[in-house]
Amino acid sequence: MSLSQRDRNILYDIRKFRVMDTNSIANLHFDNNKNPASSASNVLLRLTRLKYIRRLRGFSPYLYMLSESKIKQDSNKIPHFLELLHVYKEIRSIEEPRIFQVEPRYEMVRPDIFTIFMRTPFYIEVQRSIYSDDEMTKKLDRYEKLFESGIVNEETWQPKGKTPVFPYILIITDSRYNIKNDYPFKVFQAGSITEFMNSVKPQPENKPVYKSENGTIKIKI
């Protein structure tokens, strides 16, 4: 049986994210259907029967990975990959990212995510497990080695005819790390993409307000 373009897109995403849940697949690939969840389930069942993917039982909603994946059902990497998928969906709710790569490989460091959105490149670290300040410093030191190597300057996404840029480092974490401020790149920390976007959103100038005699709000210039 030949695969449709949507089938291929689903398989591409499962390969990229390593593991995906039914609801995310429905959201990303069936949002224009009358019943996205039901439509997604039917297609995923067909792809499972054709042995392109396998379903992980014991999860609700079901999880899917490629049939040839070596990830075990009880792997502690599964929650992490689902976190990366969640970050993608958060970014996509703002705009479709120009690039979104999961765990790009460098000799010095392996970011969780490289992405470009809002015309800005980011390396994103999703750190939900407990990390010490020392461990985080060592990880950021590896990014500094990547910066010094100049490898990133040769990336195809770099702006043509302009000075190369090094991506911002965004740490998605429930904690806050004591990070030194002398890195040659900017490091942000936030609990989510939404929290990060709110933190960098330009704040309106605070101007005194008062009520006029008729009760309307006036801004004092």
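Predicted model: local features only at pLDDT ≥ 70, side-chain atom pairs only at ≥ 80, totals over all residues.
User: Which residues does the cis peptide bond join, and where is the place of Pro 61?

Analyst: The cis peptide bond joins Ser 60 and Pro 61, with omega at about 0°, and Pro 61 has its place in the loop between S2 and S3. The hairpin of S2 and S3 has 6 residues between the strands, and in this hairpin Gly 58 takes a positive phi near 90°.

User: How many bridges join strand S2 to strand S3, and which residue is the bridge partner of Ile 53?

Analyst: The general idea is that strands of a sheet pair through backbone hydrogen bonds, either parallel or antiparallel. Here strand S2 (residues 53–56) and strand S3 (residues 63–66) run antiparallel and are joined by 4 bridges. Reading along the pair, Ile 53 has Leu 66 of S3 as its bridge partner, while Arg 54 stands opposite Met 65 in S3.

User: What is the order of the strands in the open sheet of 3 strands, and which strands stand at its edges?

Analyst: The order is S1-S3-S2, with antiparallel pairing. S1 and S2 stand at the edges with a single partner strand each, so one side of each is left without a neighbour in the sheet.

User: What is the order of the open sheet that 5 strands form, and which are its edge strands?

Analyst: This open sheet has the order S4-S5-S6-S7-S8, and its pairing is mixed. The edge strands, each pairing on one side only, are S4 and strand S8 (187–190), and from one strand to the next the twist averages 25°.

User: Which strands does H4 lie across, and which does H6 lie across?

Analyst: H4 lies across S4, strand S5 (113–117) and S6, and runs at about 145° to S6. H6, for its part, lies across S5, S6, S7 and S8, and runs at about 120° to S8.

User: At roughly what angle do the axes of helix H4 and helix H6 cross, and which residues make the contact?

Analyst: The axes of helix H4 (residues 77–94) and helix H6 (residues 193–200) come within 9 Å and cross at roughly 45°, which means that H4 is oblique to H6. On the side of H4 the contact is made by Val 87, Glu 90, Ile 91 and Ile 94, and on the side of H6 by Ile 193, Thr 194 and Met 197. Sorted by class, the contact of H4 with H6 has 5 nonpolar, 1 polar and 1 charged residues.

User: What volume does the largest pocket have, and how do the residues of its lining divide?

Analyst: The largest pocket has a volume of about 260 Å³. It is lined by 16 residues, of which the closest to the centre are His 80, Asp 112, Val 126, Gln 127 and Ser 129. H4 and strand S6 (120–127) each supply at least two residues of this lining, and H4 gives the largest share, 4 residues. By class, the lining of the largest pocket divides into 4 nonpolar, 4 polar and 8 charged residues.

User: How much space lies in the second largest pocket, and which residues line it?

Analyst: About 160 Å³ of space lies in the second largest pocket. Its lining is made up of Tyr 12, Lys 16, Tyr 88, Glu 96, Pro 97, Arg 98, Ile 99, Phe 100, Gln 101 and Val 102. Helix H1 (5–17) and strand S4 (99–102) each supply at least two residues of this lining, and S4 gives the most, with 4 residues. The lining of the second largest pocket divides into 6 nonpolar, 1 polar and 3 charged residues.

Methods: Residues numbered from 1 in each chain as written. Heavy atoms only, no water. Axes fitted to C-alpha atoms, helices over the stretch in contact; angles between N-to-C directions. Parallel < 35°, antiparallel > 145°, perpendicular 65-115°, else oblique. Contact = heavy atoms within 4.5 Å. Nonpolar A, V, L, I, M, F, W, Y, C, P; charged D, E, K, R; others polar. 1 Å grid on protein atoms, 1.4 Å probe; cavity = no way out; pocket = protein on both sides within 12 Å on 5 of 7 lines; lining within 4 Å. Points joined across faces, edges and corners; volume = space filled by probe spheres on them. Pairing = 2+ DSSP bridges.
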